[in-house]
Amino acid sequence: MKKYLVAVYGSLRSGMSNYQYHLSNSEYKGTFTTEPEYTLHSLSYYPGLKLNGNHSIVMEVYEVDEDTLKNLNRLEGYCPGEKSTFYDRIEINTPWGKAFTYIYVNELSKESIVESGDWVAYKDFTNEEKS
C-alpha cells in the first residue's frame, strides 16, 4: 500500500484532540519548525494555517497510508477536484521529504494570530489562563 508524508500543526499533533483517532497508528517521523513563511491562526478549538506570512510553525510529520490520508482529507474538508470550503492541501518541504499539509482558505483577522507558531504551547497557555 502506498505511503504518504503528512505535516500537522494543530489538533492532529500528538496529545491533541484529533491525534488519537487519526494518527496514533501512523509512523511518527519527527518534529520540525518551518521557515518563517506562514501565519497560524486560532479558530478556537483548532487552528488555521495561512501562506505568505512571516512566522515559523512547529509541525510533526507522520507517514500515513492511503486510508488515513482519505480520513484526514475528510476531517479537513478537503475534496480533491472540488472547491474547498475550509482547507486546501499543499505539499511542503520537511526534513523527511515532501509532505502534505492543510492550508486554511478563508480570510482571518490579525487578532487570531498565534504568534509562537506552536499550537500545542498556545493551547497549554490558554488552558492555564482559564484555570
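**Close-up views of a predicted model**

Asparagine 52 is exposed, with a relative accessible area of 76%. This and the other views below come from a predicted model.

View A. Serine 44 belongs to the loop between strand E3 (38-42) and strand E4 (47-51). Here too the residue is other than glycine and phi is positive, near 85°. Is serine 44 buried, partly exposed or exposed? Its relative accessible area is 42%, so serine 44 counts as partly exposed.

**View B. Helix H2 and its buried face.** Let's turn to the helix that spans residues 66-75. Thr68, Leu69, Leu72 and Asn73 are its buried residues. Looking down the axis of H2, you will find these buried residues within an arc of 140°, which means that they line one face of the helix. As a reminder, an α-helix has 3.6 residues a turn, so residues three or four places apart point the same way. What do the buried residues of H2 pack against? Their partners are strand E1 (3-8), helix H1 (19-22), strand E5 (58-65), strand E6 (87-94) and strand E7 (97-104).

**View C. The two ends of helix H2.** At the start of H2, look for aspartate 65: one of its side-chain oxygens comes to within 3.3 Å of the backbone nitrogen of aspartate 67. At the other end, just after H2, glycine 77 adopts a positive phi of about 70°.

**View D. Asparagine 73, a buried polar side chain in H2.** Asparagine 73 is part of helix H2. Its relative accessible area is 8%, so asparagine 73 counts as buried, the cut-off being under 20%. Setting aside residues up to four places away in sequence, asparagine 73 touches Tyr78, Arg89 and Tyr102.

View E. The side chains of arginine 13 and aspartate 118 make a polar contact of 2.9 Å. Not counting residues up to four places away in sequence, arginine 13 touches Val8, Tyr19, Val58, Glu60, Asp118, Trp119 and Val120.

View F. Valine 58 lies in strand E5 and is buried, with a relative accessible area of 14%. Beyond its neighbours within four places in sequence, valine 58 is in contact with Val8, Tyr9, Arg13, Thr31, Phe32, Thr33, Gly117 and Asp118. Alanine 121 is 63 residues away along the chain, with 9.8 Å between its C-alpha atom and that of valine 58.

**View G. The largest pocket.** This pocket has a volume of about 210 Å³. Of its 16 lining residues, those closest to the centre are Ser11, Tyr46, Pro47, Glu76 and Tyr87. Which elements give two or more residues to the lining? They are E1 and E7. By residue class, the lining divides into ten nonpolar, five polar and one charged.

Key
Residues numbered from 1 in each chain as written. Predicted model: local features only at pLDDT ≥ 70, side-chain atom pairs only at ≥ 80, totals over all residues. Heavy atoms only, no water. Buried < 20%, exposed > 50% of the residue type's maximum accessible area, 1.4 Å probe, protein only. Helix = DSSP H or I, 4+ residues; strand = E, 2+ residues; numbered from the N terminus. Arc of directions from axis to C-beta. Contact = heavy atoms within 4.5 Å. Polar contact = N/O pair within 3.5 Å; in protein donor to acceptor, adjacent residues only side chain to side chain. 1 Å grid on protein atoms, 1.4 Å probe; cavity = no way out; pocket = protein on both sides within 12 Å on 5 of 7 lines; lining within 4 Å. Points joined across faces, edges and corners; volume = space filled by probe spheres on them. Nonpolar A, V, L, I, M, F, W, Y, C, P; charged D, E, K, R; others polar.
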